[in-house]
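I have a new structure open today, and these are my notes as I go through it. Come along and look with me.

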Amino acid sequence: IEFLAYGLSGTERLDVFVNGFTIVCQLDVAVGDAAHPRLFRYCLSPLSCEIRSIVIRVWGDERGFRPRPLVGAQGPFAP
């Protein structure tokens with residue numbers, strides 16, 4: 001999976017998941033602004049794993065806003 005992302009204000013953050021919110025790829029990643037887009041690249045394995053969906057949750061980091069914790073998230077970066 002590979003994509004470029006940037007925010008409008010420069011304070012946006014991303015959480016990236018596979019198969020709904022079941023498998024966490026990465027949490028709380030700074031995106032940057034339009035002048036500095038960020039490349040995201042994820043390698044998923046094993047090849048036999050069925051990928052049904054990819055979820056990219058975008059949220060702002062203004063005034064300490066944090067998304068609510070995920071219930072049942074799994075993976076190396078799960079909260």
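**Entry 1: contacts along the chain.** I take a contact to mean heavy atoms within 4.5 Å. With that in hand, I looked at contacts between residues at least 6 apart in sequence, and 63% of them join residues at least 24 apart.

**Entry 2: confidence.** I checked the pLDDT next. The mean for the protein chain is 78, and 76% of the residues reach 70 or more. Where does pLDDT stay under 50? I found that stretch at residues 73-79, for which the model has 17 contacts beyond four places in sequence. A reminder to myself: where pLDDT is low, the predicted coordinates should not be read in detail.

**Entry 3: the overall plan.** I counted five strands and zero helices in the protein chain. Read along the sequence, the pattern is β-β-β-β-β. The chain has 79 residues, and 27% of them count as buried. I also looked up the accessible surface, which comes to about 5,500 Å². Carbon and sulfur atoms account for 56% of that surface.

**Entry 4: the sheet.** Which strands form the open sheet, and in what order? I read the order as β3-β2-β5, with antiparallel pairing. β3 and β5 (54-60) are the edge strands, each pairing on one side only. From one strand to the next, the twist averages 15°.

**Entry 5: the partners of β2.** Seven bridges join β2 to the antiparallel β5. Along this pairing, Arg13 stands opposite Trp59 in β5, and Asp15 stands opposite Arg57 in β5. Toward β3, the antiparallel pairing runs over five bridges. There I found Val16 opposite Gln26 in β3. The hairpin of β2 and β3 has four residues between the strands, and Asn19 takes a positive phi near 60° in this hairpin.

**Entry 6: cover over β2.** Is β2 mostly covered or mostly open? It is mostly covered, as seven of its seven residues are buried. Glu12, Leu14, Val16 and Val18 point one way from β2. Arg13, Asp15 and Phe17 point the other way, and these are buried too.

**Entry 7: the nonpolar core.** I then looked for the largest nonpolar core and found ten residues in it. They are Phe3, Ala5, Leu14, Val16, Val18, Cys25, Val29, Val31, Phe40 and Tyr42. The elements that give two or more residues to this core are β1 (2-5), β2 (12-18) and β3 (23-30). Of these, β2 gives the most, with three residues.

Entry 8: What does Val18 touch, leaving out residues up to four places away in sequence? I listed Ile1, Ile23, Cys25, Leu44, Ile51 and Ser53.

**Entry 9: Gly60.** My last stop was Gly60, found in strand β5. Why does Gly60 count as partly exposed? Its relative accessibility is 29%, so it falls between the cut-offs: under 20% would be buried and over 50% exposed. I also checked Gly60 against Leu14: they are 46 residues apart in sequence and 8.7 Å apart in space, C-alpha to C-alpha.

Note on methods: Residues are numbered from 1 along each chain as its sequence is written. This is a predicted model: local features need pLDDT of at least 70, side-chain atom pairs count only at pLDDT 80 or more; totals for chains, interfaces and linings use all residues. Side-chain values use heavy atoms; hydrogens and water are left out. A nonpolar core is a set of buried Ala, Val, Leu, Ile, Met, Phe, Trp, Tyr and Cys residues joined through side-chain atoms within 4.5 Å. Buried means under 20% relative accessible area, exposed over 50%, partly exposed in between (1.4 Å probe, protein chains only). Accessible areas come from the Shrake-Rupley method with a 1.4 Å probe; for residues, only the protein chains shown count as cover. Two strands pair if DSSP finds at least two bridges between them. Axes are lines fitted to C-alpha atoms, for helices over the stretch in contact, and angles run from 0 to 180 degrees between N-to-C directions. pLDDT is the predictor's confidence in each residue, from 0 to 100.
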